[in-house]
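Dear colleague,

My findings follow directly after it.

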Amino acid sequence: MTARVCILGPSGRMGRALIDAAAGRSDVKVTAAVDRLDAGGLGTMVTNGVLASADLAAGLAAADVYIDFTSPAATRTSAETAHAGKRPAVIGTTGLTPADEAAVAKLATVAPIVVAANFSLGVNLLLGLVQQAARALGPEWDAEIVEIHHRAKRDAPSGTALMIAHAIAAGHGSTYDEVKRHTRDGDVGARPRGEIGVSAVRGGDVIGEHTATFFGAAERIEIGHRATSRAIFAAGALRAAAWVVGKPPGRYDMLDVLGLK
Ligand code: NAD
């Protein structure tokens with residue numbers, strides 16, 4: 001079966017990557033594209049006869065599933081509109097506020113949705129590796145995460161860095177919110193045992209780099225991932241779109257899609 005897909009934000013970096021990647025697949029077909037009212041390119045063809053439109057309700061109705069890599073505010077509005085029609089979704093937008101998360105959670109009560117801060121196979125594998133390392137090494141080994149992204153990225157730390165931090169906390173048997181440290185400035189005192197630090201670096205056109213380092217006494221382990229093309233996120237999101245259509249309502253992640261649970 002070919003899933004009919006509505007792409008939100010076709011003029012964006014990820015929107016363009018999704019449209020390019022969909023052209024080479026048989027499990028998905030882009031049948032609608034919806035951008036914000038003031039976006040450039042409205043009315044132009046994005047792929048095979050599909051025009052970019054600002055009509056969200058019509059776009060959702062013309063597809064089996066929508067894919068959303070936009071902004072937190074747009075993700076919230078889309079989830080609220082999709083709730084009325086019980087539309088399946090694939091959501092990759094990061095930096096969601098609690099209110100945005102609530103709208104996404106509400107959609108999951110009536111439709112199947114896949115939500116992931118990172119749709120690459122490599123990062124989803126890395127999450128398991130860092131959790132295993134944290135469990136084996138324990139909080140005596142200081143865990144620090146450094147993430148690097150392009151200068152246009154708005155949210156920090158990245159959603160992927162937060163997923164890695166949560167995986168390390170789970171490996172330690174702690175809760176990330178209790179042990180987190182986002183960058184350091186001034187007299188922060190000695191590093192408490194079990195703290196998990198996250199530092200964000202911004203510059204140039206870096207698509208995404210994440211390194212988790214475990215510092216022991218006189219040795220250290222680094223586990224990292226580098227994305228060199230948005231095509232990896234697009235391929236994962238399209239695979240998730242084909243997978244999620246027909247599933248029972250609920251919130252799924254990439255480990256469900258990849259069959260790694
Ligand atoms: P971008 O700024 O290049 O593109 C955003 C797009 O959303 C633009 O086309 C914009 O016009 C559109 N948009 C904004 N409001 C809209 C609305 N109301 N309706 C429809 N479209 C709307 O950003 P990007 O680099 O493509 O990243 C988008 C999001 O995806 C960010 O939150 C980023 O962190 C996230 N991201 C996630 C992953 C992942 O694997 N989960 C990978 C890359 C990026």
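Predicted model: local features only at pLDDT ≥ 70, side-chain atom pairs only at ≥ 80, totals over all residues.

Two or more lining residues come from each of helix H1 (13-22), helix H3 (72-85), helix H6 (159-172) and the strands S11 and S12. The greatest contribution is that of H3, which provides 5 residues. Sorted by class, the lining of the largest pocket holds 20 polar, 18 nonpolar and 7 charged residues.

The strands S11 (residues 208-215) and S12 (residues 220-227) are paired with each other in the antiparallel sense, over 8 bridges. Phe215 has Arg220 of S12 as its bridge partner. There are 4 residues between the two strands of this hairpin, and Ala218 adopts a positive phi near 70° there.

The second largest pocket has a volume of about 730 Å³. Of the 28 residues that line this pocket, Glu101, Ala117, Gly159, Met163 and Arg251 are nearest its centre. At least two lining residues are supplied by each of helix H5 (121-137), H6, helix H7 (176-179), strand S9 (180-182), strand S13 (250-252) and helix H9 (254-257). H6 accounts for the largest share, with 4 residues. The lining of the second largest pocket consists of 13 nonpolar, 8 charged and 7 polar residues.

With kind regards

Notes: Residues numbered from 1 in each chain as written. Heavy atoms only, no water. Pairing = 2+ DSSP bridges. Nonpolar A, V, L, I, M, F, W, Y, C, P; charged D, E, K, R; others polar. 1 Å grid on protein atoms, 1.4 Å probe; cavity = no way out; pocket = protein on both sides within 12 Å on 5 of 7 lines; lining within 4 Å. Points joined across faces, edges and corners; volume = space filled by probe spheres on them.
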